[in-house]
Amino acid sequence: MEPGDEAGQRKRVSYGEPVPRDTEAAPACTRHAALRVHGFGDDLTASSSALRHDPMRHRHSEPTHAPAASFAAWVGGGSASGTLERAMLEYGGGAGGVLPEFVGAGGGEGIFRVPLRAAMHPGRPPPLEVRPHPLRETQVGSFLRTLAYDPRRRQLWAGAESGVRVWGLDEVFDGWAAGLRRGDEESAPFRESVPVPSVLCVAVDGASRLVWTGHKDGMIRSWRMDHATAAGDGGGNASMFKEALAWQAYSRTPVLSIVVTSYGEIWSGSEGGIIKAWPWDSIAKSLSLTQEENHMAPLLVERAYVDLRNHAAVGNMCSLPSADVKHMLADHHRAKVWSLTSMTFSLWDARTRELLKVFGMDGQVESARLETPVMPEEFIEEEIKVKPTKKDKPQGSFTFFQKSRNVLIGAADAVRRVATKGTLVEDNRRTEAVAQAMDGTIWSGCTNGSIIMWDGNGNKLQEIQHHISAVQCIETFGKRVWVGYASGTIQVMDIEGNLLAGWTGHSCPVIKMAIGGSYIFTLAHHGGIRGWPLTSPSPLDDILRTELANRELSYTRLENIKILVGTWNVAQEKASFESLWSWLGSTSSDVGLVVVGLQEVEMGAGALAMAAAKESVGLEGSTNGQWWIDNIGKTLEEGISFHRVGSRQLAGLLIAAWARNDLKPHVGDVDAAAVPCGFGRAIGNKGGVGLRIRVHDRRICFVNNHFAAHLENVSRRNADFDHVYRTMTFNKPHGSTASTTSVQLHKAVGASENQTDEDRPELAEADMVVFLGDFNYRLNGITYDEARDMVSQRSFDWLRERDQLRVEMKAGNVFQGMREGAIRFPPTYKFQRHQPGLSGYDSGEKKRIPAWCDRILYRDSRSVAIAGCSLECPVVAAITSYEACMDVTESDHKPVRCTFSVDIARVDELTRRQVYGKIIESNKKVRCLLQESHFVPDTIISTNNIILENPEDVVLRITNNCETSKAAFEILCEGQSTRKQDGTKSEILPRASFGFPLWLEVEPSAGLIEPGETMEVTVHHEDSFTQEEFVDGVLQNCWCEDTRDMEVVILVSVTSSSSTETITHRINVRHCCPAPSAPLPINPPPSITDTPSDTVSGEAPNKRSSKTNQSNHLQRSDFAPFGSSEVHDLCGM
C-alpha cells in the first residue's frame, strides 16, 4: 500500500460520490481482538491471542467530532469538563506511563483536518497490487522504467535499471518463498533476467515469442518468453534467464524508443534524431543459427541496419529534426510509423521506409526545415580512432565545421521558434506520450496536461484538456482511452475525448501503462504496479470494495515502535560526549527511531549568506552541521545499533534521523524540505526544515523550527508556523542514495501537482506530524523575579497559564489540533552558559524572563480524542516521557526530549492480494459480471480463402452482427509459406509481431465496427518486390523477388471493448499465376470481382489497374475459427 492511498471516508461508498466529512470509524475493540501487536523486531505473523491489556489498545471512536475548543485543556489540572477529563485520564492521561496531553483548538477543519483513511479507498476502483510500493532505498539501481504485456502468454514485462522482470498473471495470487531482496517481499511472483544495463523501452513480439528491449548502453536485446515463465516457488530460487539475441544498435547513444512495424521490421530511435530500421530477414537468420554459429549472430544484425535519417535525405539536406527520438508508434491501421521528438512529429511509410511528413505540435508542416544528415556512427568512430595525417587534415577540418554548422542551425532553430511564438511557452508543451486508439486516431499527451488527437495522416483533429498535470503515458483499448499524469491521477475517456472517470492511482507520477487480462496495469514512478479492471467504473468495483472491506481483519497488521525526538538550540556551540549521552544516549536503548532537531548551529551574516548561496544551487550542509551529525551518530552507536536515514540543513537549522537496525527494513522513502522564514521569507536564520519518513507504509513528518524571537512577536511566530505548514514541500534530500537515473518529477506542471483536493499542504496529508524546535513563545504578564520564584517552587501549573503558546493554541491561532505532553520541567530559556542548576538563569543586564521556548508537539491520525488504531485510524501515538536535560550547560537553552509510543496499522499486501483472488473465484456476482464483460460481438467474415491472380484489389468484408456493442478487430499475418511444384507447402514462417510480407498490403488492418455495420478491408498484392541489402546503413545490393506461389495465413481477431478475450478467424491467402488451359470447375465457388479502390499513398495507380482480364477469387468453405481465448482474464474460469 502506498502512503495515503487508503485515504477516504470511513463508510464504503462508490468513488463517484462525494466524501462526507462527518463519518466515523467503526468500534476498534471488536475488530482488532484477534490481531497481535508487533514490535519492530517481531516476526510479522498473525496471532489469535488477544492484544495486550493497555488502555491505548482499546480506545473507541467518538460518534461525532467534539467541539475543538473543548480539547484545549490540560488533563488532570485544566478547566475542561469533568467528563472529558476523566475520559482522557482513563485512556491516555497518565495510566501505564502515558502522560496527559493538551490539545489545541482548531483541529478537524480545513487544512488542519486529519487525512481520512479507510481499509479500501472509496474514491477509486479496488486495484490488484501486482507489486506494492517498494521503499525507494531498496530500489537503488533497479527502478522499473517501462511496462509491456503479452496477451497470448499472459505475461507482464517490466524493464528496470538492472534488467528485465516478468510476471505471469496465472501466478499473480501466489506467494513467495524466502530469500527475496528487499522491496519485493509482497510482490506477486516474478522472474528476472541476468543483470544488464538500464532498459529504456520495450516491444512485445508474440509471433517470435520474443520481447525486444532497448538499453542505455545502445544495445538491443531480445528475451524468449518461454524462458521467462513466472515460477511460483519464489524468485529467490528461480534461475535468471538470459537474452536470446543482442547487438550494438548505437555505439555511443542509448536506445530511447523501439517499435515493430506492420511488416515485421524493428525500428529504433536514439539521440540526435537518429532512426535505424532492422530488416526482419537478417534478424530471422541470426535467430536460426546453431549454437556453434551464435557468435556470428550479433554482427549479422548489427551491420544490416538502414539509416532512415540518411535514407530520407534529399541531396545533402534532411527535414528531420536533430532532437532525441523519445517515442515511436506503429500505426497498424495504415502501415505507417510515427517518430516523435519533444516538439515534432515525423510520419513514415512502414513498407517503403519513405518519410511522408514532418510537422509540429500545432499541426503545421515543418518539412521546409532542412538539416545536414548525420554521418553514420561507424564512420565517425573511424575518424576518431585513426590518427589524421597531413592529407587527412582538410577532411577533419571539414568535419569540425560541419558539426559546428549543425550546432548553429540548432541554435538558429530555437531562436526561430522564440521569434515566431514570442515566448518559450513551447518548452512547457513537450510531447511525453503517444498511443493509437482502435478507431485509428493518434493521441499525444503534453507536459501542460493537454491531449491532441490526430488522424492517420498527421492532421490535427482536436485538442482537449481534463487535467493540469503533465501527461506521462496513454493507453487505448476498444472504445476507451486511459491517461496517466505526473500527479498520479488516472483518467478514463471515450474515443471522442469525453471524460468518463478519474481517480488518484498512485501517490507519484504514473509513468507507463499496459493492457492485458482484463486489467489496465499502471507503473508508478516509485516502482509499484497496480492492475485496474478495464470495466471501471462499473458495479464490479463496488462489489470488490465491499467484499475486501468486510475481510479487513484478515490482512490488517498492527505494529508498535518507540520514537525519541529531541530539540536543542545550541547557540553556535558544540557539545561534549557527556552532554549528548545525557540528552539522547541514555534514553535510546529501547527506541526504534531517533529524530534530532538543532537550531543556531551556525549564525552570522557570512554563514547565512553562504547558506543562501548553497540553497540557490541545490546544495546544503556545513562543517558545523556535519560535526553535529557525526557526533550524535557516535552517541547512538551509528553503524552498530543505528543507521542514519536522512538529514537536512538550512543555515542554522538542522534535522537528522536514525533508525535502529531492526526497524531499518521498514523505514525509507525519506524526503527532505526547507522553508526559510527570515528576512523576506528568504533567509534561513528563521524557518523550518523537515523530514518525511515512511514507517511501516505510513508517512510520518518531523519538522524542526526556529520562529521569530522577542516577547511581543506572538503574531509573527504564529505567521511563521502557518507559512511553514502551508508551504513545506518535500523532495529527495541532497546526496540521497536513491537512484539518480530514476524518472524525475515534472516540477513545472503546477503547484497543486502533488496535492489533493482543496490544495491541502503536504504536511496535512501525513499520518503523523511532529513539530519540534525553538518556537520562542514566552510567558505573559510576569516579571523576571516572579518567574524565578515560581520555578524554584516548581509551580509549573501557574506558569503554564501564562504561556503564550498555550494561550494561542487554546484560541486556535497556531498548531491547530496538535497535542503536547504535560510540561513537568522548568523553563528551558534563558541560561548562562556553563552554569549548572536553576541558578543559571540569565541574571545579566537584560534579565530575560524564563520561558518554555523549546517544545515538541504532534498530531496523529485521531480525529477525536479517543480512537483505536485501525486502518481507519492508522497511527495512534502516546507520549511516555517529556523532559528537559537541565544538567547540560553548553548553550543558553536546555535540550528537550520526548518519547512516543506509536501504534501503526498497516496492510499485509500479500494476504490482501490472496483475498482478492479468492473473491474473484468464489463470489457469484463477481463471476457473473466478469462473464458479461467477456462478451465478444458476433462477426461474420466474407471469406476464409482468397486466391490472388491479378493486381486488382480484393475487398474483405467483416460484418458486426451485434446490434448493441461495437466490435474491435485486428488483422495479423500468422506467417508465409511457398507452394512447391509437387503441391506441398513449405513451413509457415512468421515475421516479427505477425507482420505482413512486403508484397502484401492490408488496409485498414485494425479498427472499430459499429453495431450492425460492415467494414471493408482492402487486400492488395504485388507480383514481385524489390529486396534490398544494407551494410552499415548503406545500400549494397538489391534484387527482384517473384511472389508467385506465395501463401500467407491472415488472422482476423475480434474483441469487445471491455475485455482482452478474442475470437480469431483464419483466412488463407494464395498468390498464383492463372492457368488458361485448365478447365473451370463444374460448380465453381462464388467469386467476387471488386472495383479497385483508391490508390494507396506511395504506389503508382497503373500498377493496380493492369491485367484486368482475370478476377481474384474469394472462396467460402467450411472451417472452424482459428481459436478464441478462454475467459480467464480476472480468474481461471
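Visitor: Where do we begin?

Guide: With the ground rules: this is a predicted model, in which local features need pLDDT of at least 70 and side-chain atom pairs count only at pLDDT 80 or more, while totals for chains, interfaces and linings use all residues. Residues are numbered from 1 along each chain as its sequence is written, and side-chain values use heavy atoms, with hydrogens and water left out.

Visitor: How do I read a sheet, and in what order do β20, β21, β22 and β23 stand?

Guide: Strands of a sheet pair through backbone hydrogen bonds, either parallel or antiparallel. Strands here are DSSP runs (E, at least two residues), as are helices (H or I, at least four residues), and both are numbered from the N terminus. Two strands count as paired if DSSP finds at least two bridges between them. In this model, four strands make an open sheet in the order β20-β21-β22-β23, with antiparallel pairing. Its edge strands, β20 (431-436) and β23 (460-465), each pair on one side only. From one strand to the next the twist averages 20°; axes are lines fitted to C-alpha atoms, for helices over the stretch in contact, and angles run from 0 to 180 degrees between N-to-C directions.

Visitor: How many bridges join β21 to β22?

Guide: Four bridges connect strand β21 (residues 442-446) with strand β22 (residues 450-454), and the two run antiparallel. To find one of the partners by eye, look at W443, whose bridge partner in β22 is M453.

Visitor: Is strand β6 buried or exposed?

Guide: Buried means under 20% relative accessible area, exposed means over 50%, and partly exposed is in between (1.4 Å probe, protein chains only). Five of the five residues of β6 (residues 164-168) are buried, so this strand is largely enclosed by the rest of the structure. V164, V166 and G168 point one way, while R165 and W167 point the other way.

Visitor: Which strands does β6 pair with?

Guide: Strand β5 (residues 155-160) is joined to β6 by five bridges, in the antiparallel sense, and strand β7 (residues 190-192) is joined to β6 by three, also antiparallel. W167 is a handy landmark: L156 stands opposite W167, and the bridge partner of W167 in β7 is F190. β5 and β6 form a hairpin with three residues between them, and G163 in the turn has a positive phi of about 155°.

Visitor: What about a positive phi in a residue other than glycine?

Guide: R154 is such a case, with phi near 50°. R154 sits in the loop between β4 (144-150) and β5, and counts as buried at 8% relative accessibility. H696 also has a positive phi, near 50°; H696 lies in the loop between β36 (687-695) and β37 (698-706) and is buried, with a relative accessible area of 4%.

Visitor: How do I describe two helices that cross, such as α8 and α17?

Guide: Start with distance and angle: the axes of α8 (residues 539-550) and α17 (residues 909-922) come within 10 Å and cross at roughly 125°. That makes α8 oblique to α17, because angles under 35 degrees count as roughly parallel, over 145 as roughly antiparallel, 65 to 115 as roughly perpendicular and the rest as oblique.

Visitor: Which residues of α8 and α17 meet?

Guide: Contact means heavy atoms within 4.5 Å. L544, E547 and L548 in α8 meet R912, V915, Y916, I919 and I920 in α17.

Visitor: Where does A119 lie, and what does A119 touch?

Guide: A119 is in the loop between β2 (101-103) and β3 (128-131), and is buried at 4% relative accessibility. Not counting residues up to four places away in sequence, A119 touches E552, Y555, L871, E872 and R912. A119 and L553 are 434 residues apart in sequence and 9.6 Å apart in space, C-alpha to C-alpha.
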